[in-house]
Amino acid sequence: MADENPVLQKSFAFAVRTVNLYKYLTTEKKEFVLSKQLLKSGTSVGANIEEAIGGYSKKDFRAKMSISYKEIRESKYWLRLLVETDYIQREQFESMFIDAEEIAKMLYSIIKNTKD
């Protein structure tokens, strides 16, 4: 099913990148607070999409997708903070931020087009 669901694919890939960035930040930069926040929000996006797909109703689906949207927006915040405090390079930031933006747009469209 993941092969047929672009938002699920992209959110999983984003989660993998988030985990890898977390490992880098904690081992190389010895940064533990901001990276943990990003780890939580960045991996939560796909998990909530998975829950939405298994939802019992349209209302449940929409609620979980809304949580995913909030989590990707939060991830964008942590990425901006990490780049502005020189924990990550501009290139790392731009690549992940573009992915986050794309996921956010997809989720917003899904939420907007899902009626209760």
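This is a predicted model: local features need pLDDT of at least 70, side-chain atom pairs count only at pLDDT 80 or more; totals for chains, interfaces and linings use all residues.
**A walk through selected residues of the model**

The side chain of Ser-41 makes a polar contact with the side chain of Ser-75, at 2.9 Å.

Leaving aside residues up to four places away in sequence, Ser-41 touches Glu-71, Glu-74, Ser-75 and Trp-78.

That brings me to the aromatic rings. How many aromatic pairs does a search of the whole structure find? The search finds three, and I will describe two of these here, Tyr-69 with Tyr-108 and Tyr-77 with Trp-78. A pair of aromatic rings is described by how far apart the centres are and by the angle of the planes.

Tyr-69 and Tyr-108 form a tilted pair, with 5.9 Å from centre to centre and 45° between the planes. Tyr-69 belongs to helix H3, residues 58-84, while Tyr-108 belongs to helix H4, residues 90-113, so this pair ties together parts that are 39 residues apart in sequence. Tyr-108 itself counts as partly exposed, at 46% relative accessibility.

In the pair of Tyr-77 and Trp-78, the ring centres are 5.0 Å apart and the planes stand at 75°, so this pair is edge-to-face.

I would like to turn now to two lysines. Where is Lys-30 placed? Lys-30 is in the loop between helix H1, residues 6-27, and helix H2, residues 33-53, and at 56% relative accessibility Lys-30 counts as exposed. The side chain of Lys-30 reaches the backbone oxygen of Thr-27 at 2.9 Å. Along the chain, Lys-30 and Tyr-87 are 57 residues apart, and their C-alpha atoms are separated by 9.6 Å.

The other lysine is Lys-112, which has its place in helix H4 and is exposed, with a relative accessible area of 52%. Lys-112 and Lys-23 are 89 residues apart in sequence, and in space they are 35 Å apart, taken from C-alpha to C-alpha.

Terms used. Residues are numbered from 1 along each chain as its sequence is written. Side-chain values use heavy atoms; hydrogens and water are left out. Helices (H or I, at least four residues) and strands (E, at least two) are DSSP runs, numbered from the N terminus. Buried means under 20% relative accessible area, exposed over 50%, partly exposed in between (1.4 Å probe, protein chains only). A polar contact is a pair of N or O atoms within 3.5 Å; within protein, one must be able to donate a hydrogen and the other to accept it, and residues adjacent in sequence count only if both atoms are side-chain atoms. Rings of Phe, Tyr and Trp (its six-membered ring) pair if their centres lie within 6.5 Å; planes under 30 degrees apart count as stacked, over 60 as edge-to-face and the rest as tilted. Contact means heavy atoms within 4.5 Å.
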